[in-house]
Amino acid sequence: MFNKVKETLPKKFKKYKINLIKSGASKRKYYRLKEDQKNIILMDSSEEPEQFYNFLKIHKIISKINISIPQIYEVDFDKKNILLEDFGDLRFDKILNRFKLKDLLSIAVESLIEIKKEVRFNSSSDLPIYNYNIFKSEISEFVDFFYPYFQNKKMTTEMKEEFYNTWKLYFESIEPNFTSFVHKDYNFNNLIYLPNRANYYKCGIIDFQNSFWGEDCWDLFSLLEDSRILFDDKYNDNFINYYCFKTNQKNLIKIFLKKYNFFNCSRQTRLLGRWVKLSKKLNQKWYLNFIEITNKRLKKSLQNSYMQKIKSLYIKLIPQLYAY
């Protein structure tokens, strides 16, 4: 079954046993290579060459920081394969019943603080810079996929115009500052617990190839407002305050919270559409299971007084889902 995979491996790894690791919606394939007590991860990006180069580019940037990311052992530029350190199977979303939530969040937040302190904005670094056009394309997934799925009809031209105009006014009013390094998918399924390491190095970070320059709050709400798994949010306020204090933003907490809630709402909005899109594209209905969690995260942020116009918009668009 894995003969073709073995053919791509360097000679010294050909005797390793190979197991396919389940992955998400991307075309990348992951394999675990085993020999005795040694495990290695093979990341096959042959169907996503752009992601291959992105991974190497981002790895070069954040490998200089005091955080835990997989070490690179071998790179095959022809086959677009990378052999990586194996962080194991203790993914945060799989171990919540075995470890304290506050402890897992703590090491993840500490890692974010290190990234914030060490990675400085560099417009020549070849990382994409977030902008309104990207923002609009993301929230469009709600318009194109979720609304038709939930309401069984397309959004009218007038509704679309109101939807985009409302979001654009908010976008401009918060005066965004896209100069912070953003992992983009800093969720529980991309964080792996490393029990043999010290302090926040216990948080292993993977899947960072889609990083960009964006708002400082992005990875924090990706973590605390995870759209795939619903966990207790009683620690959120403390971690937000702690993050702002450690990154010298204590006096800007009100501005930070506005941006946190705004971009979290836009992200949850996009993901409602994304789950429908993926369920159809990949013919995997289980993506629809995330809609309830995503909607709960969105509704909570919409309760913020600053978000009232968008809340009213959603109550108008989908009253049966967003009415309180």
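Mentor: Pro128, Lys184, Asn210, Ser211 and Phe212 lie nearest the centre of the second largest pocket, among the 17 residues that line it. A pocket here is an open set of points on a 1 Å grid over the protein atoms alone, where a 1.4 Å probe fits, with protein on both sides within 12 Å along at least five of seven lines; lining residues have an atom within 4 Å of a point. The model is predicted: local features need pLDDT of at least 70 and side-chain atom pairs 80 or more, while totals for chains, interfaces and linings use all residues. Numbering starts from 1 along each chain as its sequence is written, and side-chain values use heavy atoms, without hydrogens and water.

The second largest pocket holds about 290 Å³ of space (the space filled by probe spheres set on the points). By class, its lining has 6 nonpolar, 6 polar and 5 charged residues. Two elements, α2 (49–62) and α4, each give two or more residues to this lining (helices are DSSP runs of H or I, at least four residues). Of the elements, α2 gives the most, with 5 residues.

Helix α4 (residues 132–151) also packs on helix α5 (residues 157–173), at an angle of about 145 degrees and with the axes 11 Å apart (angles run from 0 to 180 degrees between N-to-C directions, on lines fitted to C-alpha atoms over the stretch in contact). On the α4 side the contact includes Tyr132, Phe135 and Tyr147, and on the α5 side Phe163, Trp167 and Phe171 (heavy atoms within 4.5 Å). That contact comprises 11 nonpolar, 1 polar and 3 charged residues.

Key: Ala, Val, Leu, Ile, Met, Phe, Trp, Tyr, Cys and Pro count as nonpolar, Asp, Glu, Lys and Arg as charged, and the others, Gly among them, as polar.
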